[in-house]
Amino acid sequence: MKNPLPRVAAIHDLSGFGRCSLTVVIPILSTMGFEVCPVPTAILSTHTAIEGFTLFDLTEELPGFLAHWERLGLKFNAIYSGFLGSSRQAGIVSEFIDRFRTDDTLVVVDPVMADHGKLYASMPPEMVDEMRKLSSRAQVITPNVTEAALMLGRPVPEKISAEEAKDWLKGLSELGPAMPVITSMPLEGRDDLSSVAAYNREDGRFWLAGRPAVPIQYHGTGDIFSSVLTGSLLQGDSLPVAIDRAARFVAGVIRGTFGYSGLGHNEVLLERVLGSLAGDGHPDNYELLP
Ligand code: PXL
């Protein structure tokens, strides 16, 4: 019998504390109605922004993992990758995509490697080239503005105009993906917003979705955004609806956390709002990028 639950291969790390990666990917996609098959890239005590983290790299495990799944004939409706435990894993993930993708597999690559102008602590510099290559295999990529700058070889902008944003998105789509999405865009004249810009090469349209910014940065919100975006596209939403649902959900998680006193950057309260992802999201608040 055909599997009635669409299945997602989720290639991310497992971090014990500090919500990110598999500890947000699995609950989000499960709540949205998908079976998640994790491919753990590394096991960490915490994400890499917390001093003293331990990291057990699973690169050596991945080829055997892949071979076993291939022998089982597993099929995936989506392949979604994020944080990698080593730059060598990018090639392994590309191979995974080549072996498992069919005409209707959604491939999403979140080139997790940097934020606020610098690479994360565990990232070797060659990860930039490797993520660029891996991104060429995807339909959808979801870099933040720092990761987009690294992939394009441009400086991280303080501010970016709508025209420049379009040029950045086109530049990313020329690397391969038909639908690049850039998060944390510092759009000129939109200082009050946390903005997401996206491009669909197939119809030539550029989109913008944003929510009022909150004066604190929580870790893991990029992973939350990309997970909801992946689920929304898999449910059949258009690109602007998907970026809007993801931006709205992230804003809800942040507001559900920010109102409490004494919660740090690593304690985003995902479960307080997770239930709002069940059911269909209704179109809300996107616009064409002017
Ligand atoms: O949220 C991105 C992310 C995922 N996984 C690990 C990280 C980070 C960002 O710091 O360190 C292990």
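User: Which residues line the largest cavity?

Analyst: Rolling a probe the size of a water molecule over the atoms shows where empty space is left. In this predicted model, the lining of the largest cavity consists of Ile11, Val39, Leu62, Phe65, Leu66, Ile92, Val93 and Phe96 (a cavity is a set of points on a 1 Å grid over the protein atoms alone where a 1.4 Å probe fits but cannot get out; lining residues have an atom within 4 Å of a point). Two or more of these residues come from each of α2 (62–72) and α3 (88–100) (helices are DSSP runs of H or I, at least four residues, numbered from the N terminus). Residues are numbered from 1 along each chain as its sequence is written, and side-chain values use heavy atoms, without hydrogens or water. Local features need pLDDT of at least 70 and side-chain atom pairs pLDDT 80 or more, while totals for chains, interfaces and linings use all residues.

User: What is the volume of the largest cavity, and how does its lining divide by class?

Analyst: The volume is about 70 Å³ (the space filled by probe spheres set on the points). One cavity of 30 Å³ or more is counted. Its lining has eight nonpolar residues, no polar and no charged ones (Ala, Val, Leu, Ile, Met, Phe, Trp, Tyr, Cys and Pro are nonpolar; Asp, Glu, Lys and Arg are charged; the others are polar).

User: How many aromatic pairs does the structure hold?

Analyst: A pair of aromatic rings is described by the distance of the centres and the angle of the planes. Here there are eight aromatic pairs (centres within 6.5 Å; planes under 30 degrees apart are stacked, over 60 edge-to-face, the rest tilted). Tryptophan 69 and phenylalanine 96 have ring centres 6.0 Å apart and planes at 65°, so this pair is edge-to-face. Tryptophan 69 is in helix α2 and phenylalanine 96 in helix α3, so the pair ties together parts 27 residues apart in sequence.

How values were computed: 1 Å grid on protein atoms, 1.4 Å probe; cavity = no way out; pocket = protein on both sides within 12 Å on 5 of 7 lines; lining within 4 Å.
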